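Please open the model in a viewer and keep the selection panel at hand.

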Amino acid sequence: MKSACDTAEWVARAAYGRLIAILSARSRDIAAAEDALAEAFAAALRSWSDHGVPTNPEAWLLTAARNVMKNQLRHRGIVEAAVPDLLASQESTAEDGPTFPDERLKLMFACAHPAIDAGIRTPLMLQTILGLDAARIGRAFLLAPTTMGQRLTRAKAKIRDVGLRFELPSPNDMPQRLSEVLDAIYAAFGIGWDATDGVEAEGRGLTEEAIYLGRLMAALMPEEPEVMGLLALMLYCDARRDARRDERGTFVPLDRQDARLWKRDMIIEAEGLLTAASRHARFGRFQCEAAIQSVHVQRPITGRTNHEALVMLYRLLVQHHPSMGAKTGLAAVLIEAGRANEALGLLDDLAAAATLTYQPYWATRGKALHALGQMKLGDKAIETAIGLTEEKSVRVFLGTLISRRAT
Amino acid sequence: MQYMLLLNEPEAEFAKRNDPEQAAAYWGGWNAFIGAMAQAGIIVKGDGLQGPHTATTMRVRDGKRMIQDGPFADTKEQLGGYFVIEVPDLDTALEWAARSPSASCASVEVRPVLPPMAPPAA
């Protein structure tokens with residue numbers, strides 16, 4: 001259940017993204033929309049304390065921001081001839097009154113457009129839809145606020161100048177374009193997830209923001225099973241957050257986690273989403289990853305992990321999304337299913353150059369070698385994994401897997 | 001909006017222009033692409049260019065002309081032609097870029113054209 005405070009935050013965030021989306025939909029000028037909205041918020045603080053809060057604060061802010069944008073156009077003095085047209089186009093939706101269309105979905109697709117560098121799509125969404133500032137986003141991405149600010153400014157300028165369409169993709173392009181939007185959201189979740197080590201310093205990373213964006217997508221595109229799959233996947237993972245560390249802060253792998261620490265309401269919601277998604281009979285990467293999580297959460301109920309089901313699902317995932325992560329995941333579940341030989345063969349087939357700095361590859365390889373009794377080689381692989389690990393708690397955990405400590 | 005499609009080609013494509021066995025297919029591909037754009041009524045202007053071996057590059061440094069035989073950079077792909085097209089948005093421009101023979105053998109750079117400069121303030 002959402003608390004009153006969460007509800008208030010949800011409303012505030014919704015208002016921000018909705019207003020930016022509608023203010024920039026025609027001009028494609030996100031930066032100008034942000035500036036205008038900031039001025040409108042400042043005006044609201046002054047006006048509302050004197051005259052009281054209007055019956056529809058969101059519509060008030062929209063009108064105020066539009067006035068700011070009109071004034072900017074008048075003052076700019078360039079392309080004078082175009083101003084009447086621009087003003088007319090801005091006014092054409094003024095009679096929409098208190099309810100105006102939700103343009104956030106179009107804005108999401110613009111942020112994740114293939115013409116925009118993949119590395120800046122997630123920051124762009126976080127800023128335009130949720131209103132996070134460059135400093136906050138920069139912290140999550142381990143970049144200086146000014147650097148992040150410059151990259152965001154550049155991306156917004158490109159959207160404005162290049163004539164990017166603030167429209168939904170055609171049905172033909174939809175699957176690919178949607179997967180790019182979902183990838184950008186999942187990237188935010190991943191960053192939040194990896195950042196749990198600095199949990200005291202940085203709050204909870206970006207996982208909450210990613211889940212918010214996932215919920216928004218699910219509300220705006222209720223017929224898309226992959227959207228439900230992504231939201232389910234993030235909920236399954238987040239449900240286990242508290243179980244990922246023991247009381248000393250050491251990393252606890254999934255199969256040794258205390259299931260009593262898992263958040264049951266999130267798991268129930270995720271199961272419901274996955275079931276709803278499956279009714280559409282259009283399988284995809286995120287549904288597959290969510291289904292894998294679903295198998296894992298059965299353990300406390302059935303008392304055992306269904307390794308064969310995991311092997312099957314990972315094989316499907318490799319088919320849909322043949323990434324190194326998926327292949328390494330398949331190898332890991334093969335080891336658990338007692339097929340370490342097969343796992344090692346799969347790992348051997350991965351291109352050497354790509355795996356050189358991929359920590360999960362080396363950790364999984366070490367486990368496979370240990371399972372086959374090749375303790376020395378296994379230790380070496382685990383040591384490589386330790387060297388590639390950024391998180392201290394994971395390093396400590398991997399250290400416990402070494403069969404023969406210091407010689 | 002107006003976009004310029006900068007159509008690049010690799011050496012092998014340029015060579016086809018004068019190869020009796022391949023010239024017909026080469027030009028046929030371009031004619032089909034240009035014909036489709038013409039039929040859609042989007043062409044503002046455009047030309048094919050003679051091959052990179054005909055290029056001469058000029059630089060002036062410290063008042064001295066430095067003339068170089070060949071294109072400005074020796075890369076695998078060279079400019080083979082350009083079109084300026086009038087279409088509503090980037091996605092449409094990218095769709096046309098994808099249809100050009102260059103897209104599958106080399107690359108097409110798509111750039112919005114600057115609007116005409118405002119006359120200097122009196």
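How many of the 122 residues of chain B, as a percentage, count as buried? The share is 32%, where buried means under 20% relative accessible area, exposed over 50% and partly exposed in between (1.4 Å probe, protein chains only). This is a predicted model, in which local features need pLDDT of at least 70 and side-chain atom pairs count only at pLDDT 80 or more, while totals for chains, interfaces and linings use all residues. Residues are numbered from 1 along each chain as its sequence is written, chains are lettered from A and ligands numbered from 1 in the order in which they are written, and side-chain values use heavy atoms, with hydrogens and water left out.

**Chain B**

Select chain B and colour it by secondary structure. The C-alpha trace of chain B spans about 55 × 40 × 20 Å along its principal axes.

Next, select Met37(B), which sits in helix H2 (residues 23-40) of chain B. Its relative accessible area is 0%, so Met37(B) is buried. Beyond its neighbours within four places in sequence, Met37(B) is in contact with Leu5(B), Ile42(B), Ile43(B), Phe83(B), Ile85(B) and Trp96(B); contact means heavy atoms within 4.5 Å. Phe83(B) is 46 residues from Met37(B) in sequence, and their C-alpha atoms are 9.8 Å apart.

Move to Met58(B), in strand E3 (residues 56-61) of chain B. Met58(B) counts as partly exposed because its relative accessibility is 43%.

**Chain A**

Now select chain A, which has 22 helices and zero strands. Of its 407 residues, 49% count as buried. Among contacts in chain A between residues at least 6 apart in sequence, 64% join residues at least 24 apart.

**The nonpolar core**

Display the largest nonpolar core, which has 137 residues; such a core is a set of buried Ala, Val, Leu, Ile, Met, Phe, Trp, Tyr and Cys residues joined through side-chain atoms within 4.5 Å. Residues with the most contacts inside this core include Met108(A), Met125(A), Leu5(B) and Ile85(B). Helix H12 (residues 225-239) of chain A gives the most to the core, with eleven residues.

Finally, centre on Met125(A). Leaving aside neighbours within four places in sequence, Met125(A) is in contact with residues including Met108(A), Cys111(A), Leu130(A) and Ile185(A).

Notes
Helix = DSSP H or I, 4+ residues; strand = E, 2+ residues; numbered from the N terminus.
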